[in-house]
Amino acid sequence: MQASASESLVGRVAGRALLLLAFAAIAVCGVGCLTADGVLDADGGGTLSVVFPVPETTTEAAQRYLLQAKGVTVESLTISPEHKVSAKLRMADVSALGKTVMFKDVKVTRSTEGSNGVLTIEITTINKAVDSKDLPGPKIGITFPGKVLEASEPGVVTGTHVQWNFPLADFLARKTWTLKARYEAPPSASTTTSPAATSTTAPKAD
């Protein structure tokens, strides 16, 4: 009985340590030092490759904890000597991304406008002041299953791809961002219809 109690205590302590490492990583990455490159499949699933800095004391287990959730599989994950995580996620439905600890402040929704597909990404930023105007912020790129017809600012459209790059100060100057892209949905696409997300403080596509 004592051994069981001791093991339980060790488990709780280890669990708390893992959580502290996980949330420390969020604090580091939360300032916007993130590069994300996603691919949206015609059926609403997709992949997301991410690169972000982490504390020296972090572990692969802690980072997997941040990134995996129901509907989200970590296909690969490495930590470089420069303390950067490179990971690839697979989602049966891209809306599952917000279930992860890492992206708990990100909401992804799909909808339709006529025969076109629409992807909307709502992001809630952190309250952090930035002195330098030159620091790079998040870089978010998405490749769609059809030609992109329009995208919200500051998105740059190239064929089936949209790239949103932010200076860190500009990104954190807003409490929320709504990134939205409308694209030609393939005839076989089974896009789930849901109301497109909107935000009165976010830029809108022209």
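Are F166 and W177 buried or exposed? F166 is buried, and W177 is buried as well. This briefing concerns a predicted model. The protein chain has 206 residues, of which 38% count as buried. Its secondary structure comes to 3 helices and 11 strands.

**Overall organisation**

- Read from the N terminus, the elements of the protein chain follow the order α-β-β-α-β-β-β-β-β-β-β-β-α-β.
- Contacts across the sequence can be described by how far apart the partners are: among contacts between residues at least 6 apart in sequence, 63% join residues at least 24 apart.

**Aromatic pairs**

- A pair of aromatic rings is described by the distance of the centres and the angle of the planes.
- The whole structure contains 4 aromatic pairs.
- One of these pairs is formed by F166 and F171, whose ring centres are 5.3 Å apart; the planes stand at 55°, so this pair is tilted.
- F166 and F171 are both buried.
- F166 also pairs with W177: the ring centres are 4.8 Å apart and the planes stand at 65°, so this pair is edge-to-face.
- Because F166 belongs to strand β10 (residues 161–167) and W177 to strand β11 (residues 176–184), their pair ties together parts that are 11 residues apart in sequence.
- Through ring pairs, F166, F171 and W177 are linked into a cluster.

**The largest nonpolar core**

- The largest nonpolar core has 44 residues, and within this core L67, F103, F144 and W164 touch the most other members.
- Residues up to four places away in sequence aside, F144 touches L40, L119, T160, V162, A181 and Y183.
- L67 is located in helix α2 and is buried, with a relative accessible area of 0%.
- With residues up to four places away in sequence again left out, L67 touches F52, V72, V74, L77, A87, L89, T100, M102 and F103.
- One of these contacts, L77, is 10 residues from L67 along the chain, and the C-alpha atoms of the two residues are separated by 9.8 Å.

**The buried side of helix α2**

- Which residues of helix α2 (residues 60–67) are buried? They are A62, Q63, L66 and L67.
- These residues cover an arc of only 130° around the axis, which puts them on the same side of α2.
- An α-helix has 3.6 residues a turn, so residues three or four places apart point the same way.

**Two further buried positions**

- G141 is found in strand β7 (residues 136–143), and its relative accessibility of 0% makes it count as buried.
- When neighbours within four places in sequence are left aside, G141 is in contact with A36, D37, G38, H161, V162 and Q163.
- G141 and G155 are 14 residues apart in sequence, and the distance between them in space is 8.9 Å, C-alpha to C-alpha.
- S152 is placed in the loop between β8 (148–151) and β9 (156–158).
- S152 is buried, with a relative accessible area of 0%.
- A polar atom of the S152 side chain lies 3.5 Å from the backbone oxygen of T178.

Technical notes: Residues are numbered from 1 along each chain as its sequence is written. This is a predicted model: local features need pLDDT of at least 70, side-chain atom pairs count only at pLDDT 80 or more; totals for chains, interfaces and linings use all residues. Side-chain values use heavy atoms; hydrogens and water are left out. Rings of Phe, Tyr and Trp (its six-membered ring) pair if their centres lie within 6.5 Å; planes under 30 degrees apart count as stacked, over 60 as edge-to-face and the rest as tilted. Buried means under 20% relative accessible area, exposed over 50%, partly exposed in between (1.4 Å probe, protein chains only). Helices (H or I, at least four residues) and strands (E, at least two) are DSSP runs, numbered from the N terminus. A nonpolar core is a set of buried Ala, Val, Leu, Ile, Met, Phe, Trp, Tyr and Cys residues joined through side-chain atoms within 4.5 Å. Contact means heavy atoms within 4.5 Å. The arc is that of the directions from the helix axis to the C-beta atoms. A polar contact is a pair of N or O atoms within 3.5 Å; within protein, one must be able to donate a hydrogen and the other to accept it, and residues adjacent in sequence count only if both atoms are side-chain atoms.
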